[in-house]
Amino acid sequence: MSDQPFIPPAKPVIDELDIEAAVRVLRSGMVVQGPEVKAFEDEFTEVAGSEHAVAVNSGTSALQLALMALGIGPGDEVIVPSFTFAASGNAIRLVGAEPIFVDIEPGSFCVDPAAVRAAIGPRTAGIMPVHLYGHPADMTAIMELASAHDLAVVEDAAQAHGAAVDGTPVGSFGSAAAFSFYPTKNMHSLEGGMVTTNDAETARTIRLLRNQGMEQRYANEIVGVNMRLTDVAAAIGRTQLSRLHQWTERRREIAARFDAEITEVVTPPVAAGARHVYHQYTVRVENDRDGFQKRLTEAGIGNAVYYPTPVHRLRPYLVDGAPDPRFDLPATEKAAAEVVSIPVHPSLSDADVDRVIAAVNEAAR
């Protein structure tokens, strides 16, 4: 093992700014659905380029409430990539709809618009593109398909705060979008999520749904749930948001060095017009991935596989104990067998970046 300090694959930032914000709210006594939540929502619209933002308690809740607000439910199908975190498929199932898993583009790891087109059928109600690892999906092509077939689009932007296509931020393309503020994301609120939309009625419906169906206390308008964000979390989210651009530029700076200096494995390309925010920097290891990871770990470099099992192969989505035969996803299977994510978080020093580059090249050799 290396005698140098271990470099973790991800490192949440929790510093005095966050602690002071949390303490300030706790001392105020207004800790749930108060002014901090409203301020966080207003400020986040700048990142997403959206008209509205609604804060909720997790990224998964954001996906679920977006689907509910758009009227997607039993009898509907939603097209979604299988190469993603299970929450994408889970949210679709939780509203009673059925995920239709499709393949990805090998370069971006995001959903392939050609595969989406081929999967559209009479029960298709929506498309859920996932901006995986911080690289935006091809939203131009996806929105053209959605418009042609009158489909809702719910962007899964959980990993893509600040990503963009031709200058337009993710979170502003679809009918709605969902962001996550889990601690390892590019920014966090300890735990939390945000739904963004350009439609005022959709935003109002989500506000009702997250708060037991009411805007005014005891004046319930619809059946809702409790998926509120606390003011403590919102206050932390605001301090994090104020530094998101700085952290993102550091991620992109580190990624540029990786692009230039990592030579022994396949580095991630960036599509024309795409702004990648590098939630993960994910390489492909075509031979002996297990050995590659072991050698990296021995060199003190954290690493992880996101995601080793495509969602359609997870137990809840099997049919009679086997993957659904409708889903033949070769690019997804290949990615799941080859990907390794290496540290790209903004806490890395230049010396850390040097170590990561040297270790990746040596481990691959």
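# Exercises on cores, sheets and a buried threonine

Among the 61 residues of the largest nonpolar core, L67, F83, F109, M128 and L132 touch the most other members. Helix α3 (residues 59-69) supplies the largest share of this core, six residues. A nonpolar core here is a set of buried Ala, Val, Leu, Ile, Met, Phe, Trp, Tyr and Cys residues joined through side-chain atoms within 4.5 Å; buried means under 20% relative accessible area, exposed over 50%, and partly exposed in between, with a 1.4 Å probe and protein chains only.

The model is predicted, so that local features need pLDDT of at least 70 and side-chain atom pairs count only at pLDDT 80 or more, while totals for chains, interfaces and linings use all residues. Residues are numbered from 1 along each chain as its sequence is written, and side-chain values use heavy atoms, with hydrogens and water left out.

**Exercise 1.** Find the residues that M128 contacts beyond four places in sequence, and then look for another core.

*Solution.* Begin with M128, taking contact as heavy atoms within 4.5 Å: leaving aside neighbours within four places in sequence, M128 is in contact with L63, L67, V78, I79, V80, P81, S88, I92, V154 and D156. Then turn to the other core, which lies apart from the largest one and has 23 residues, I7, Y281, V283 and I357 among them.

**Exercise 2.** Work out the strand order of the seven-stranded open sheet, and identify its edge strands.

*Solution.* Strands (E, at least two residues) and helices (H or I, at least four) are DSSP runs numbered from the N terminus, and two strands pair if DSSP finds at least two bridges between them. Reading across the sheet gives β1-β9-β8-β5-β4-β2-β3, with mixed pairing. The edges are β1 (52-56) and β3 (98-102), each of which pairs on one side only. Neighbouring strands of this sheet are turned by 25 degrees against each other on average, direction ignored; axes are lines fitted to C-alpha atoms, for helices over the stretch in contact, and angles run from 0 to 180 degrees between N-to-C directions.

Within the sheet, β5 (residues 152-156) and β8 (residues 176-180) pair in the parallel sense over three bridges, and D156 has A178 in β8 as its bridge partner. Helix α2 (residues 35-48) packs on the sheet, where it touches β1, β8 and β9 (193-197), and its direction makes about 125 degrees with that of β1. Helix α6 (residues 139-149) lies across β4 (124-127) and β5, and runs at about 155 degrees to β5.

**Exercise 3.** Trace β2, α4 and β3 as a β-α-β unit, and determine its handedness.

*Solution.* Start with β2 (77-81), in which five of the five residues are buried. In a regular strand the side chains alternate between the two faces of the sheet. In β2, E77, I79 and P81 are buried on one side, and V78 and V80 are buried on the other.

Continue to helix α4 (residues 87-94), where A87, S88, G89, A91 and I92 are buried; the buried residues of α4 pack against α3, β2, β3 and β5. After α4 comes G96, whose phi is positive, near 90 degrees.

Next comes β3, four of whose five residues are buried, so that this strand is largely enclosed by the rest of the structure. Five bridges join β2 to β3, and these strands run parallel; E77 has E98 as its bridge partner, and P81 stands opposite V102. The unit is right-handed, which means that, with the strands pointing away from the viewer, the path from the first strand over the helix to the second runs clockwise. β2 also pairs with β4 in the parallel sense, over three bridges, with G126 as the partner of V78.

**Exercise 4.** Decide whether T197 is buried or exposed, and list what T197 touches.

*Solution.* T197 belongs to strand β9 and is buried, at a relative accessible area of 2%. Its contacts, not counting residues up to four places away in sequence, are S50, E51, H52, S175, A176, T202 and A203.
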